[in-house]
Amino acid sequence: MTMSTLLDIKNLSTHFNTSAGTIKAVNDVSFKLREGETLGLVGESGCGKSVTALSIMRLVPSPPGRIVSGDVIFQGKNLLEISEEEMQNVRGRDIGMIFQEPMTSLNPVLSIGRQLREPLELHLGMTKQQSLKRSSELLELVGIPDPATRLKTFPHQTSGGQRQRIMIAMALSCEPKLLIADEATTALDVTIQAQILEIIKELTDRLGTSVIIITHNLGVVARYADSVNVMYAGKLRESGSLDQVYKESKHPYTVGLLNSVPTLDLDADVRLQPIRGEIPNLTDLPEGCAFIDRCDYATQKCEESEPELEEVEDAHFGACWEHRRVGKNLQGITT
Amino acid sequence: METTYETTVDIYEDPPLKTRVRKTFATSWKTLKSNPNLMIGSIILTVMVGIAILTLLPTASTVARYDPTELAVRERINGPSADHWFGTDKLGRDVYSRTLHGSKTSLYVGIGVAIIVTIVGTSLGVIVGYNRVADNIVMRVMDGMMSFPTLILALALVAALGSSLTNVIIIIAIVDTPSMTRVVRAVVLSLRERTYVDAARASGASTKRILFLHIAPNTLAPVIIQASIFFGGAILTEAALGFLGVGTPEFIPSWGNIISSGREFIRVGFWIAFFPGVFLALTVFAANIVGDGLRDVLDPRLRGEK
């Protein structure tokens with residue numbers, strides 16, 4: 001099934017200028033997203049996942065952040081070149097976003113209905129009557145009982161899971177082409193996580209929305225994503241379909257991530273294998289591969305020059321000099 | 001892509017205005033009953049405002065009994081009696097009438113200052129909290145103003161502008177604005193980092209919309225408390241200026257200048273300073289507890305379940 005490209009990110013770099021130096025939070029990242037595709041963007045904390053998402057939305061806090069180069073082509077339009085007013089029309093209408101903290105994502109002094117109506121009236125020019133009706137339909141869609149009453153309540157009268165459902169309703173209210181879920185389920189407990197993800201999947205399938213799931217939970221990605229991008233220290237290290245990345249990992253970081261996930265069928269006496277060391281200082285990245293200090297496969301070559309993302313097999317990209325040796329000892333999650 | 005939603009939800013319509021007004025009153029009464037602070041404070045303030053309004057009307061003499069500027073030199077510094085409930089001052093003027101007429105001035109100052117400071121301070125605070133350039137310029141000026149003790153700055157301004165009632169209000173407002181700005185700015189600085197502000201921006205809201213719809217209403221609680229403190233504070237500052245003899249001119253009675261005129265006779269005629277002092281203290285106290293109560297009522301998180 002071939003579908004047209006919805007989002008094409010080319011050489012995106014976003015830097016933060018701090019007193020300690022320039023942090024290259026996103027460094028020359030390129031990837032594509034097709035219509036209807038669900039992409040998992042994974043990596044540990046501080047690897048640039050969220051900043052990539054914020055860069056797409058042009059919401060990087062500035063100062064200190066700055067998108068220094070690159071193109072974000074969305075539906076044939078470069079989002080980095082349009083005016084702020086045009087961008088405001090893209091946000092919420094063409095691209096919806098769900099954030100990590102459901103407890104603080106809703107304004108405590110406005111009723112839920114008031115907040116749900118906001119994008120509808122702003123982007124679709126609905127009247128109050130229309131937006132009220134649509135808001136309760138949306139709440140019903142995300143599985144909130146008695147939506148008409150719920151619209152009049154305030155966020156503090158609502159649980160975390162419910163709030164995240166409301167956020168989903170809000171993000172999808174204008175039927176956007178792209179939904180970015182930035183750690184959307186991280187703050188929720190496991191059963192609620194699954195419910196929320198199911199809702200996202202069901203609704204986006206129905207609307208044909210492309211989704212970028214940003215998470216460090218590899219299980220979530222395995223369940224919901226079509227393709228996976230692995231980020232480390234501001235760069236894409238591996239990219240490909242779910243099966244390719246999980247079963248034929250071409251980067252030792254991906255292997256490390258998969259090995260550090262506990263699974264139910266793991267024997268009790270087998271120890272998890274965390275990735276040793278820490279993420280390098282982003283203001284002072286080494287000359288060669290940024291993963292070198294934590295890598296079991298490191299060679300002289302890795303120290304001298306940084307490997308670029310290259311196509312190691314059909315539509316599967318990896319950024320490792322030693323990719324042929326990588327990825328044999330998997331015991332982690334299955335797709 | 002065309003999507004159809006099935007729904008069982010009825011469109012609910014706004015009830016007619018009459019029902020809404022009645023409902024608003026019913027809710028307000030319920031809130032008042034549930035919050036004793038607000039109740040007591042509102043009663044005291046209502047009485048004070050009522051007195052002030054009555055003295056404004058042509059029928060003032062029926063309430064205040066005497067003209068506040070009428071001299072009766074033979075009866076000077078008489079203690080409270082059936083004729084002069086609060087006694088008389090050094091010129092034989094009726095302290096009761098003066099106190100009642102003084103409420104006008106004091107409330108005028110309090111309300112005037114609270115309104116000016118709230119409007120100016122909140123606008124400035126929201127702007128500087130959101131714009132770093134404006135922040136640096138405005139806050140340095142505010143810091144400069146705050147480095148003077150309040151009363152000294154007020155005295156200097158009175159000396160420069162002259163002492164009329166309007167000037168007193170403007171001067172106290174100028175002196176109080178920096179602290180209001182600072183409070184609002186601090187709140188805005190913390191609010192702008194909240195996820196719901198990001199979420200609003202991610203759903204396409206403009207900066208103006210975010211400022212007025214999402215940030216400004218959230219500053220309401222601290223602003224109300226500050227405004228009620230400034231209301232009380234302004235009455236006190238006016239009294240202090242009056243006490244120092246540079247406040248409202250003496251032909252306009254205010255609690256401040258009545259207390260001031262009673263100062264030298266405190267040993268022989270305590271009543272001159274005492275009664276306006278009681279009114280002053282009561283009003284400031286009421287303003288403060290009303291501020292507290294309003295905060296509780298207006299914050300949906302503290303409002304409790306319906």
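**Ground rules.** I number residues from 1 along each chain as its sequence is written, and chains are lettered from A, ligands numbered from 1, in the order in which they are written. The model is predicted, so to speak of local features I need pLDDT of at least 70, and side-chain atom pairs count only at pLDDT 80 or more, while totals for chains, interfaces and linings use all residues.

**Chain A overall.** I looked up the secondary structure and found 11 helices and 12 strands. Helices (H or I, at least four residues) and strands (E, at least two) are DSSP runs, numbered from the N terminus. The C-alpha trace spans about 65 × 50 × 45 Å along its principal axes. I then checked the radius of gyration, taken over C-alpha atoms; the globule rule is 2.2 Å times the number of residues to the power 0.38. For 335 residues a compact globule would come near 20 Å, and chain A has 21 Å, which agrees. Of the 335 residues, 49% are buried. Buried means 20 or more other C-beta atoms within 10 Å of a residue's own, exposed 12 or fewer, partly exposed in between, with C-beta atoms placed from the backbone.

**Contacts in chain A.** Two residues are in contact if their C-beta atoms, placed from the backbone, lie within 7 Å. Among contacts with a separation of 6 or more, 67% join residues 24 or more positions apart.

**Helix α7 of chain A.** I checked its length next. Its 18 residues (190-207) should span 26 Å at 1.5 Å a residue, and the end C-alpha atoms are 26 Å apart, which agrees. The expected span is 1.5 Å times one less than the number of residues. I found A:Ile196, A:Leu197, A:Ile200, A:Leu203 and A:Thr204 buried. Just after the helix, A:Gly208 takes a positive phi of about 70°.

**Chain B.** I counted 24 residues of chain B in contact with 36 of chain A. Helix α8 (residues 195-202) of chain B gives the largest share of its side, 6 residues. Elsewhere, I looked up B:Val21, in helix α1 (residues 17-34) of chain B. B:Val21 counts as exposed because it has 10 C-beta neighbours inside 10 Å.
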